[in-house]
Amino acid sequence: VMPVKHIVLFKFKTDTPPAAAEDIKRKFIALKAGGKVPGILAISFGPTFKHDRAQGFTHALVVDLESKEALEGYAGHPEHVAIVTNDLKPIFEAPPCAMDYEYDL
């Protein structure tokens, strides 16, 4: 079983307050804390500081998971779905770009 890297690039509306992004970051980090969502090895979220090459994407999420199965569990977990539905979708300027791949440690 190989670990999986889940990468999502977001384009937030220009009027999105920094506090909203900080709240989203806190909620994503909390998914790993205390094992709320099984299989998360690491999780990070933040804004880009290289806008000249970001093609309009403003924020990124990177999640390392134990396996493809762990990715499926994460994707459907009620707390993850709540972040996407309640916090992310209302501030999307455009649909996110997501990629998943397996890697060797």
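Here is the chat that followed.

Student: First off, what kind of model is this?
Tutor: It's a predicted model, so keep in mind that everything we discuss is computed from it.

Student: OK. How many helices and strands does the chain have?
Tutor: There are three helices and four strands. Starting at the N terminus, the order is β-α-β-β-α-α-β.

Student: What share of the contacts is between residues 24 or more positions apart?
Tutor: Counting contacts with a separation of 6 or more, that share is 74%.

Student: Let's go inside. How many residues are in the largest nonpolar core?
Tutor: It has 22 residues, and Phe12, Phe28, Leu61 and Tyr74 touch the most other members. Strands S1, S2 and S3 each give two or more residues to this core, as do helices H1, H2 and H3. As a general point, nonpolar side chains tend to be buried together in soluble globular proteins.

Student: Tell me about Tyr74. Is it buried or exposed?
Tutor: Buried, because its relative accessibility is 1%, under the 20% cut-off. Tyr74 sits in helix H2, which covers residues 68-76.

Student: What does Tyr74 touch, leaving out residues up to four places away in sequence?
Tutor: Its partners include His6, Leu31, Val37, Ile40 and Val63. Take Val37: it is 37 residues from Tyr74 along the chain, yet their C-alpha atoms are 6.3 Å apart.

Student: Switching topic: what's up with the phi of Gln55?
Tutor: Phi there is near 50 degrees, a positive value in a residue other than glycine. In general, most residues other than glycine have a negative phi.

Student: Where is Gln55, then?
Tutor: Gln55 is in the loop between S2 and S3. Its relative accessible area is 67%, so Gln55 counts as exposed.

Student: Last one: how far apart are the mean positions of the positive and negative charges?
Tutor: They are 5 Å apart, with 12 positive and 14 negative charges in the chain.

Notes:
Residues numbered from 1 in each chain as written. Predicted model: local features only at pLDDT ≥ 70, side-chain atom pairs only at ≥ 80, totals over all residues. Heavy atoms only, no water. Contact = heavy atoms within 4.5 Å. Lys, Arg positive; Asp, Glu negative; His and termini not counted. Charge placed at Lys NZ, Arg CZ, Asp CG, Glu CD. Buried < 20%, exposed > 50% of the residue type's maximum accessible area, 1.4 Å probe, protein only. Core = buried A, V, L, I, M, F, W, Y, C linked by side-chain atoms within 4.5 Å.
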